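I opened my notebook to look up a few things in this structure.

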Amino acid sequence: MASSAKIEFLYWEDCPSHPQAMKLLREVMAEMGIESPIERIEVLTDEDAARLRFPGSPTIRVGGKDIDPTGAAQMGAALTCRVYRLEDGRFSPVPSKELIRNALAAEAG
């Protein structure tokens with residue numbers, strides 16, 4: 001499945017979980033046969049965070065939409081590490097592969 005969806009990966013360098021999130025994103029894309037480029041956006045300042053509506057690192061957007069819009073809305077915009085709620089209710093510093101997969105599938109239509 002080739003997808004032309006715009007995939008954005010927003011991160012703050014000081015947050016230790018962004019390399020793992022990028023790895024998960026690449027794995028899911030490979031599993032789904034998606035070869036879209038990933039636009040890496042490093043968020044450097046609080047001003048950048050506000051301008052980009054950045055709810056924390058790592059943030060993945062597909063087609064301009066956050067893969068976890070509910071979680072993003074709860075976080076606000078800040079230069080901080082992000083927390084995701086997994087399917088089983090636990091919290092994680094990275095999104096689940098399922099969350100990534102669902103967002104990519106929804107955008108692919």
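**Entry 1: a buried arginine**

With which side chain does the side chain of Arg82 make a polar contact of 2.9 Å? I looked it up, and the partner is the side chain of Asp66. A polar contact here is a pair of N or O atoms within 3.5 Å; within protein, one must be able to donate a hydrogen and the other to accept it, and residues adjacent in sequence count only if both atoms are side-chain atoms.

Before going on, I noted the ground rules. This is a predicted model, where local features need pLDDT of at least 70 and side-chain atom pairs count only at pLDDT 80 or more, while totals for chains, interfaces and linings use all residues. Residues are numbered from 1 along each chain as its sequence is written, and side-chain values use heavy atoms, with hydrogens and water left out.

Back to Arg82. I found a polar contact of 3.0 Å between its side chain and that of Thr59. Arg82 sits in the loop between α3 (69-75) and β5 (84-85). Helices (H or I, at least four residues) and strands (E, at least two) are DSSP runs, numbered from the N terminus.

Is Arg82 buried or exposed? Arg82 counts as buried, because its relative accessibility is 1%. The cut-offs are under 20% relative accessible area for buried, over 50% for exposed, and partly exposed in between (1.4 Å probe, protein chains only).

I then listed what Arg82 touches, leaving out residues up to four places away in sequence. Among them are Pro55, Gly56, Ser57, Pro58, Gly71, Ala72, Met75 and Ser92. Contact means heavy atoms within 4.5 Å.

**Entry 2: the loop between α2 and β3**

Gly56 lies in the loop between α2 and β3. Its relative accessibility is 0%, so Gly56 counts as buried. Neighbours within four places aside, Gly56 is in contact with Ala78, Thr80, Cys81 and Arg82. I also checked Gly56 against Leu10: they are 46 residues apart in sequence, and their C-alpha atoms are 8.3 Å apart.

Pro58 is in this loop too, between α2 (46-51) and β3 (59-62). What is the form of the peptide bond from Ser57 to Pro58? I read it as cis, with omega near -5 degrees.

Arg53 belongs to the loop between α2 and β3 as well. Its phi is near 50 degrees, a positive value in a residue other than glycine. I noted the background: most residues other than glycine have a negative phi, and most peptide bonds are trans. Arg53 counts as exposed because its relative accessibility is 59%.

**Entry 3: other loops**

Asp14 is in the loop between β1 (7-11) and α1 (18-32). Asp14 counts as exposed, at 59% relative accessibility. Thr80 is 66 residues from Asp14 along the chain, yet their C-alpha atoms are separated by 8.4 Å.

Gly89 is in the loop between β5 and β6. At a relative accessible area of 29%, Gly89 is partly exposed.

Ser96 is in the loop between β6 (91-92) and α4 (97-108). Its relative accessible area is 14%, so Ser96 is buried. A polar atom of the Ser96 side chain lies 3.0 Å from the backbone nitrogen of Leu99. Ser96 also touches Leu86 and Glu87, with residues up to four places away not counted.

**Entry 4: the whole chain**

Last, I stepped back. How many helices and strands does the chain have? I noted four helices and six strands. Their order along the sequence is β-α-β-α-β-β-α-β-β-α.

The C-alpha trace spans about 35 × 30 × 20 Å along its principal axes. Of the 109 residues, 47% count as buried. For contacts with a separation of 6 or more, residues 24 or more positions apart account for 66%.

The chain has 13 positive and 17 negative side chains. Lys and Arg count as positive, Asp and Glu as negative; His and the chain ends are not counted. The centres of the two sets lie 3 Å apart, with each charge placed at NZ of Lys, CZ of Arg, CG of Asp or CD of Glu.
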